[in-house]
Amino acid sequence: MPSDWTDPRDWTSRDAYLDWTRHLAARRAPLHPADPEPAPALEPVFVRLLASDTASRQRLLDLVSDPASPLFMDPHEEARLSERLAEGAAEGLPDEYALYRRWRTPDSAHADLFEVLDTGIEVSATRRPAGGVPALPAAEELPKGTPVVALIDDGIGFLNARFCTAGTDGLRTRFRALWLQSLERFSIDTKQITCGQVLDPAAINALLDRRDEQGSYAALNAGLYGPQTRCETARNATHGSHVLDLAAGADPLDASDPVRGWPLLAVQLPPEAIDDTSGIRFENYMVQGLRWILRQAHALAPTAPVIVNLSLGVTAGPKDGSRFVEHQMAREAAEWERVKRQPVRLVWAFGNTYRGSQVAHHAFPAAAAQEDRETQIGWRAQPDDETANYLEIRTCNAASTDIEVSVCCPTGAESGFAALAPGQVRTLERNGKALARLYHVRERRFGGGVVSPAHYVLALAPTRGRKAAEPLADPGRWTLRLRYGGTAAAQVVLQVQRDDAMRGAMVQGRQSYLDCETSGVWDAEEMAYTGFAEDGPVRPEGSHSADATVSARQIFSCGAVRVSGRVAARRSAENFRPSRYSAMGAAWSVPGPTAATVADTGSFRPGIRAAGTLSGTVRNFNGTSAAAGRLTRALGMSAARIVENASRAETTPLDDIAEDAVPMVATEEADHARLGKAIVLPGKR
């Protein structure tokens, strides 16, 4: 049966990823058994009250408490709202809140109370009693220069001895609170939504006293997750354990190590949110997690600097600071620091896709001849991919309406050029079922002059189904033709969204990539035809994470360095090279990371050692996630300097590094785009 493209039509969703994910989920819904007592379908939303006053806050609190209202609120957020309500007219944190609302509730239903800044993928909250929320941590008098270190990640081995101190009664946890997030639960009696379980020190210490780490993780996972959910802490090595050890792990018996005294906070994201590497699921959990961390840290030590590691990211996005999750996380940190006077630092991994062929550029000259107004490029979709694929098309120095896009699938069905206004789509259909969809996404405004520009997104259905009748996109080379209609010089950037296979998955061929005639030149370092032609469109510039592009005083991003152990002590720039995967900034985005740290110790032994899931185990992992963990430790060791800088008007992020405790090496200018201006050497974990 032939495939055909539809004419342009309007669509109403705020986000192309949301719309396509919902479409595929509805198509796959019959695969899942029906719930005999279905819970309401809810969608997470992030809102800003139109008026920052007591009346508006009280009205919102009344709505989330009213059984007839379509609005719900997590108890952590409700506590935040109640605190803000008690402050009255005093200036405080912005009146922005994470809510849930019944699926298909329109923005107009509460347009007189708040504006909706972002929406997430809907959830069907399980009808089970919602868990309780422990009280905030008791205040502590921390030694001067002691930071509070926090982590938002996947698979955190929180019972590992590296995150404990040793006392007369055995190991005692350094965690002051730990939020194990899971998919939402719904309480009929209290109209309360909860997301997982919060463990306080008493609960963690009780698990430590059992001396059965594997059994404790298994019992917690069984209570939190469904039977088919990936339980990362059942593995012998986890991303979160490794990064946290690099950031703040310590020998529990070494009383001379100041890191052993650092209190810890952490949020373990739901496995389902991590498994969708496009980022569509984890954004709202991350924002809620950071807001929770800041409240916990302030109750614990209101003047101690809070250093939060965020070693997650995606590859495609505006990369100008206007992606909602990075913008909002930076805003949360800056506003908390302004209002609460507590320094906050966020550390992002810069990205690992330098050699991934995920980004392409094409420059259209001003007043170009007709033959210079069109270009084309290929996009390879892998076979056996059970997930959606996405490609973003964005313009620099031009409006998205100046570009027209024609898409041809591997079997030859071509859409042809057609004017597509923002808010319109075209769909490739076979037997009335969508195989691909081209979106022209509207711009989004978040206030304060922050605008996420309009752009195109091409979404593909999976190339491998979970049932025989599921409509599938064709694997192979999809060809995109671009036609420019503007008069000024402009640049078009194409970015493939991250679609990594999860570690241990049987099917690994998920990540699509860009392909053109100049791809695959000889790379002397790799000794393979995997390099980039200097005049080709597929280039490594801009291969960095789309979550690490906000230029704010509280934000750090980290690249990865390879160094030989034999020469590491010499501490000169020529002894360090960018790790083969460490991403690259771009002139149209951020020029490079804030700094870099060592994540590889030689060509034949990639990675650095840090804790496995269980006490006493170690594993080698690399990546800019590992590098970001080490930069987090360096900032922790520089906590006193961070506090000093909080009262200074003119400082830069690198001024936070106390060089008497943490040496730095200036990088060569040629490496700034991948390593930043300095390599930070925080020493051993």
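Here is a short exchange about the cavities in this predicted model. Residues are numbered from 1 along each chain as its sequence is written, and side-chain values use heavy atoms, without hydrogens or water. Local features need pLDDT of at least 70 and side-chain atom pairs 80 or more, while totals for chains, interfaces and linings use all residues.

Colleague: Which element gives the most to the lining of the largest cavity?
Modeller: There are 29 lining residues (an atom within 4 Å of a point), with D15, Y17, E283, R323 and R444 nearest the centre. Helices α8 (282–300) and α9 (324–340) and strand β25 (444–447) are among the elements supplying at least two each (DSSP runs: helices H or I, at least four residues; strands E, at least two). The top contributor, with 3 residues, is α1.

Colleague: How many residues in the lining of the largest cavity are charged?
Modeller: That lining has 11 nonpolar residues and 9 polar ones (Asp, Glu, Lys and Arg count as charged; Ala, Val, Leu, Ile, Met, Phe, Trp, Tyr, Cys and Pro as nonpolar; the others as polar). The charged count is 9.

Colleague: And which element gives the most to the lining of the second largest cavity?
Modeller: This cavity has a volume of about 90 Å³. Of its 13 lining residues, P44, V45, F46, A98 and N284 are closest to the centre. β3 (41–49), β5 (96–102) and β6 are among those supplying at least two each, but the most, 4 residues, comes from α8.

Terms used: 1 Å grid on protein atoms, 1.4 Å probe; cavity = no way out; pocket = protein on both sides within 12 Å on 5 of 7 lines; lining within 4 Å. Points joined across faces, edges and corners; volume = space filled by probe spheres on them.
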